[in-house]
Structures are given as C-alpha cells and as structure tokens.
Amino acid sequence: MSAVDISTTTMREAVALEERPARPSAVSTSLTFAWRALLKIKHVPEQLFDVLVSPVIFTLMFTYLFGGAIAGSTDAYIQFLLPGILVQTIIIVTVYTGYTLNTDITKGVFDRFRSLPIWRPAPIVGALLGDTVRYTIASIMCIGLGLLIGFRPDGGVLGVVAGVALLLVFAFALSWIFTILGLLLRTPNAVMGVSMMVLMPLTFASNIFVDPSTMPAGLQTFVDLNPVSHLVTAVRGLMAGTAGWGDVTTVLISAVVMTAVFAPITMYLYRNRH
C-alpha cells in the first residue's frame, strides 16, 4: 500500500463516526435560528433603530400635538393613547419578519437552510421567535416613555404584562402574513412597500387614536370589524383593569385563525419555492 493510500485511510478513520449523530429536535433547531436572529441584531444594531425610535416619535407626537384637541389635556389623552400606540408600534415592527426573510432569499442563505437535515419550518419559526425579542424591546420603550409623561395603568403591573403578552401572541400570528410576502415578492423593498400598504388602513382606521363613535357610519363599521381595533380594546382594557373575557378571547381566536390559515401557506411556499 502506497503512502498516499495509507494517508487517505488514516484520514477516513479519523473523521469516521461509529454512530450517526442524532437529528436535532424541532425545538432546539428553532431556538438555534432564533439565536441567529438575535446575533444579526448584535452585528447590525441599526436593525433596532425602528424599535427604539418609533415608539418615542409616535408617542410624543400624538400626545403633545393632538392630546389637547382630542381629550382636553395631554394627561387625559395619554391614558387612552398609549395602549394604542403600543399596538401600532409592534404591528409595524412585524413587517421586518418578511423583510429579513426576503433578504436571506436574495443572498442565497435561504437555499442553504432548505438543504439542511433539520425540521423544515425551523428557520421561519426561529426567526419569528427571535422577532419577539424586538417586540418586547419596543414594548418596554413605549411603556417606559408613557410612564415618564404621565401614563398610569389602573391594572397595575399584572395588567400591563398581560396586555403585552396578548399583543405578542397576536404579533406572532400576524407575522405569518409577512413571511408569505417575503416568499412571494422579489426584493426586500417590495416586501416593505406592500406590507405598509396593508398595515396603514389597519392601524389608522382603528380605535388607536380616537373613539370610533366620532367617525362616519361607513368608516365606523370598518373600524368595528378591524381585528386591530379588537386588539387595542383588549390591551387597553387589560392595562386599565377593565378587560372582559370576550375582548381577550376574540383576540386569541383571531391569532389562532391567522396562524392556522397563513402558517400552512407559508410552509407550502417555503417547500416549493424554486
């Protein structure tokens, strides 16, 4: 046997495994991709710009520009506004789930993930889990600023935590819609543009800023049917300590329905995209 053959045999024996490694579980794989999403924020901190700045801009702008005209005083308006601004901020941040997915597709990372022997939904589920950290940071920023300028939730700490938790559940479900856009559209900018076209009517034609009873009848009907309005009502009620089970249940059912409808569509597109 030649020296080359001996060297090749030795190398094969060195790297050979007696037992095949166990396939990673769905949970561990998803958590790994969630950690990847957080590492992207660490290395590109600009991704947190919208999370840190948007709550500040929206809260201060609407409170001090419109608070006196709408509610008579900024102190009174911030009690009504802040839960709504919190919902709007988190809903807008969900767009970045589809944006980052589309970025991975355009860079070719998407195809590498599909070729790995892992639970197929893990890259998407992990990204969604990682994004919940962004939502949590945005919530802390928004609530912290609100407390500084006069927001006093009668529901106490438990009410605030419950409101944020409900919002995170809804945001996780809503993110599936934007993953579909991330898989269908060709560029990240297209994902951002179409997503904003969807979100603007849902957020501004809602009960975030004003009482719907002051709106025209046709618009009021849309606002009453808008799932974002139901979410704002539930979050507002939890933070004020006045939420009914009906409000919370409606939001949870909406989240389950969105996940049940859009998650399978997302995974179908993920498996069959060429």
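Pro24 counts as partly exposed because its relative accessibility is 40%; the term covers values between buried, under 20% relative accessible area, and exposed, over 50%, with a 1.4 Å probe and protein chains only. The residue lies in the loop between α1 (3-15) and α2 (26-43). Leaving aside neighbours within four places in sequence, Pro24 is in contact with Thr29, Pro117 and Ile118, where contact means heavy atoms within 4.5 Å. Met200 is 176 residues away from Pro24 along the chain, and their C-alpha atoms are separated by 40 Å.

The model is predicted: local features need pLDDT of at least 70 and side-chain atom pairs count only at pLDDT 80 or more, while totals for chains, interfaces and linings use all residues. Residues are numbered from 1 along each chain as its sequence is written, and side-chain values use heavy atoms, with hydrogens and water left out.

Now the whole chain. Its secondary structure comes to 12 helices and 0 strands; helices (H or I, at least four residues) and strands (E, at least two) are DSSP runs, numbered from the N terminus. The C-alpha atoms fill a box of roughly 95 × 35 × 35 Å, taken along the principal axes. Of the 274 residues, 42% are buried. Among contacts with a separation of 6 or more, 79% are between residues 24 or more positions apart.

Helix α3 (residues 49-71) has 23 residues. From its first C-alpha to its last it reaches 30 Å, close to the expected 33 Å, a figure found as 1.5 Å times one less than the number of residues. The helix bends by about 40 degrees at Leu65; the bend is the angle between axes fitted to the seven residues ending there and the seven starting there. Buried residues of α3 include Asp50, Pro55, Phe62 and Gly67. Their cover includes α4 (74-93), α5 (95-107), α7 (122-148) and α9 (188-204). After α3 comes Gly72, whose phi is positive, near 95 degrees.

Helix α9 can be read in the same way. The buried residues of α9, among them Met192 and Leu199, pack against α4, α5 and α8.

Which residues touch the most other members of the largest nonpolar core? They are Leu86, Val87, Leu231 and Met239, out of 49 residues. A nonpolar core is a set of buried Ala, Val, Leu, Ile, Met, Phe, Trp, Tyr and Cys residues joined through side-chain atoms within 4.5 Å. Elements giving two or more residues to this core include α3, α4, α11 (227-240) and α12 (245-272). The most come from α8, with 11 residues. Not counting residues up to four places away in sequence, Leu231 touches Val87, Ile91, Leu166, Leu167, Phe170 and Val251. Apart from this core lies another, of 16 residues, including Ile118, Ala122, Met267 and Tyr270.

An unreviewed UniProt entry carries the annotation "transmembrane region" for several spans, including residues 77-101 and 122-151; such annotations may be inferred rather than shown by experiment. In the model, residues 77-101 are 96% helix and 0% strand, with end C-alpha atoms 38 Å apart. Residues 122-151 are 90% helix and 0% strand, and their end C-alpha atoms lie 39 Å apart.
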